[in-house]
Amino acid sequence: SSDPLYALKGEVATASLVDEVGAVDEVKMAQYLEVLVVQKAAKKPKDWLEFWQALDLPVQGPQQVAVLGSIIHFCLDHEPVGGLGPILAELIRQHRVKSKVVEDAIEATMVGREDSEGVLREMLLLIFPKGPQSDWGWSRTGWSWQEWWKIVQKTMSVLHPTSGFVELGLLLERLETEAQRPLTEQSTWTQPRLTKAREVLCELGGLEDWELDSCFNAR
């Protein structure tokens with residue numbers, strides 16, 4: 001076929017890429033990712049949904065985390081079209097993977113790293129819940145700020161703390177930019193939630209609360 005993604009899906013469907021204990025055939029995986037990322041067979045984040053579907057991985061067990069971990073690991077060194085953050089967000093938004101799978105794969109691949117490409121920030125922005133000041137956000141039954149914040153904490157805390165601090169700060173600034181108003185004027189961000197955000201920033205940055213404002217004013 002002249003469509004490399006279509007051809008790859010056919011190949012993937014008959015391949016045994018990962019065994020029942022979650023051991024990935026890294027040689028095969030590298031070949032697939034070479035086609036998807038380096039040769040740009042995946043032209044947009046949505047194309048990854050088709051690849052993921054072709055893998056037909058069991059919902060239970062370690063296979064999904066193992067394969068997604070391999071994808072993240074590769075894409076941290078080779079930028080996929082559209083960016084890794086939007087790809088991860090798309091997999092969550094289209095119910096291809098549970099957010100727990102993404103959290104575990106991030107923990108396995110990004111622990112202690114700097115997120116210089118803003119992968120987590122991009123992903124977390126795209127799954128921010130729809131609300132009065134975020135009509136662009138993601139809406140689904142049971143999805144709320146609390147659920148979103150759990151993922152923020154779990155993923156940002158995986159990074160090198162300085163990077164986690166910077167990236168969370170940039171994410172919150174981006175939410176202000178999108179809403180065109182500070183978080184303090186957004187109804188989703190109640191006082192207890194703002195306090196939680198400050199606590200996590202202080203923890204990651206190794207700061208006292210009073211030092212936080214001067215830190216952000218200086219940026």
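What volume does the largest pocket have? The volume is about 540 Å³. The model is predicted, so local features need pLDDT of at least 70 and side-chain atom pairs count only at pLDDT 80 or more, while totals for chains, interfaces and linings use all residues. Residues are numbered from 1 along each chain as its sequence is written, and side-chain values use heavy atoms, with hydrogens and water left out.

A pocket here is an open set of points on a 1 Å grid over the protein atoms alone, where a 1.4 Å probe fits, with protein on both sides within 12 Å along at least five of seven lines. Lining residues have an atom within 4 Å of a point. Points are joined across faces, edges and corners, and the volume is the space filled by probe spheres set on them.

The largest pocket is lined by 27 residues. Val97, Lys98, Ser99, Lys100 and Val101 lie nearest its centre. Helices H3 (47-55), H4 (63-77), H6 and H8 each supply at least two lining residues. Helices are DSSP runs (H or I, at least four residues), numbered from the N terminus. H6 gives the most, with five residues. By class, the lining has ten nonpolar, seven polar and ten charged residues. Ala, Val, Leu, Ile, Met, Phe, Trp, Tyr, Cys and Pro count as nonpolar, Asp, Glu, Lys and Arg as charged, and the others, Gly among them, as polar.

H6 (residues 99-110) also packs with H8 (residues 145-156). Their axes come within 9 Å and cross at roughly 15°. Axes are lines fitted to C-alpha atoms over the stretch in contact, and angles run from 0 to 180 degrees between N-to-C directions. H6 and H8 are therefore roughly parallel (under 35 degrees). Their crossing is right-handed, that is, the near helix is turned clockwise from the far one by less than a right angle. Ser99, Glu103 and Ile106 of H6 contact Ile151, Lys154 and Thr155 of H8 (heavy atoms within 4.5 Å). This contact has two nonpolar, two polar and two charged residues.

H8 also meets H7 (residues 119-126). The axes of H7 and H8 come within 11 Å and cross at roughly 175°, which makes the pair roughly antiparallel (over 145 degrees). Leu120, Arg121, Met123 and Leu124 in H7 meet Trp148, Ile151, Val152, Thr155 and Met156 in H8. Seven residues of this contact are nonpolar, one is polar and one is charged.

H1 (residues 4-14) packs against H3 at about 20°, with axes 8 Å apart. H1 is thus roughly parallel to H3, and the crossing is right-handed. Leu5, Leu8, Lys9, Val12 and Ala13 in H1 meet Asp47, Glu50, Phe51, Ala54 and Leu55 in H3. This contact has seven nonpolar, no polar and three charged residues.

Conventions: Angles under 35 degrees count as roughly parallel, over 145 as roughly antiparallel, 65 to 115 as roughly perpendicular and the rest as oblique.
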